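Biologist: I would like to learn how to read a model like this one. Please take the features one at a time, with the general idea before the case.

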Amino acid sequence: MMTTDEWSRYACNLLKAELARSGVGYEELVSRLDAIGVHETYQGLAAKINRGTFSFAFFAQCMAALSVKTVRLSE
């Protein structure tokens with residue numbers, strides 16, 4: 001069973017993996033989020049992702065900005 005901190009790290013790593021797969025950095029993600037009406041600063045985005053303390057809604061917004069249709073939670 002995973003702790004809340006472990007789940008947060010898992011979510012953070014999952015988002016970072018999708019960014020890497022898409023070849024998108026934080027600056028580009030800020031621009032893409034802005035294009036779909038989600039306004040984040042670079043610093044705010046980096047802090048959320050690195051802490052891993054973001055909502056599922058934020059995760060879904062990032063996936064939409066990256067045009068990711070399917071997310072695999074485990075292998």
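Biologist: What does the protein chain average in pLDDT?

Modeller: pLDDT is the predictor's confidence in each residue, on a scale from 0 to 100. The protein chain averages 94, and 99% of the residues score at least 70. Among its elements, helix 2 has the highest mean pLDDT (98) and helix 1 the lowest (93). Helices here are DSSP runs of H or I with at least four residues, numbered from the N terminus. This is a predicted model, in which local features need pLDDT of at least 70, side-chain atom pairs count only at pLDDT 80 or more, and totals for chains, interfaces and linings use all residues. Residues are numbered from 1 along each chain as its sequence is written, and side-chain values use heavy atoms, with hydrogens and water left out.

Biologist: Which residues of helix 4 are buried?

Modeller: Buried means under 20% relative accessible area, exposed means over 50%, and partly exposed lies in between (1.4 Å probe, protein chains only). In helix 4, which spans residues 56–65, the buried ones are Phe58, Phe59, Cys62, Met63 and Ala65. They lie on the same side of helix 4 because they cover an arc of only 160 degrees around the axis; the arc is taken over the directions from the helix axis to the C-beta atoms.

Biologist: What covers the buried residues of helix 4?

Modeller: Contact means heavy atoms within 4.5 Å. The cover includes helix 1 (4–22), helix 2 (26–35) and helix 3 (42–51). Just after helix 4, serine 67 takes a positive phi of about 60 degrees.

Biologist: Which residues touch the most other members of the largest nonpolar core?

Modeller: A nonpolar core is a set of buried Ala, Val, Leu, Ile, Met, Phe, Trp, Tyr and Cys residues joined through side-chain atoms within 4.5 Å. The largest one has 21 residues, and Leu15, Leu29, Leu33, Leu45, Ile49 and Phe58 touch the most other members. At least two residues of this core come from each of helix 1, helix 2, helix 3 and helix 4. Helix 4 supplies the largest share, five residues. Leaving out residues up to four places away in sequence, leucine 29 touches Leu19, Val24, Leu45, Ile49, Cys62, Ala65 and Leu66.

Biologist: How many salt bridges does a search of the whole structure find?

Modeller: A salt bridge is a side-chain nitrogen of Lys or Arg within 4 Å of a carboxyl oxygen of Asp or Glu. The search finds three. Within a helix, spacing is worth checking: an α-helix has 3.6 residues a turn, so residues three or four places apart point the same way. Glutamate 18 and arginine 21 are three residues apart in helix 1, and their side chains meet at 2.9 Å, N to O. Glutamate 28 and arginine 32 are four residues apart in helix 2, with a salt bridge at 3.0 Å, N to O. Glutamate 40 pairs with lysine 48, the closest N and O atoms being 2.6 Å apart.

Biologist: Are glutamate 18 and arginine 21 buried or exposed?

Modeller: Glutamate 18 is buried, at 7% relative accessible area, whereas arginine 21 is exposed, at 61%.

Biologist: Where is glycine 23 found?

Modeller: Glycine 23 sits in the loop between helix 1 and helix 2, and at 65% relative accessibility glycine 23 counts as exposed.
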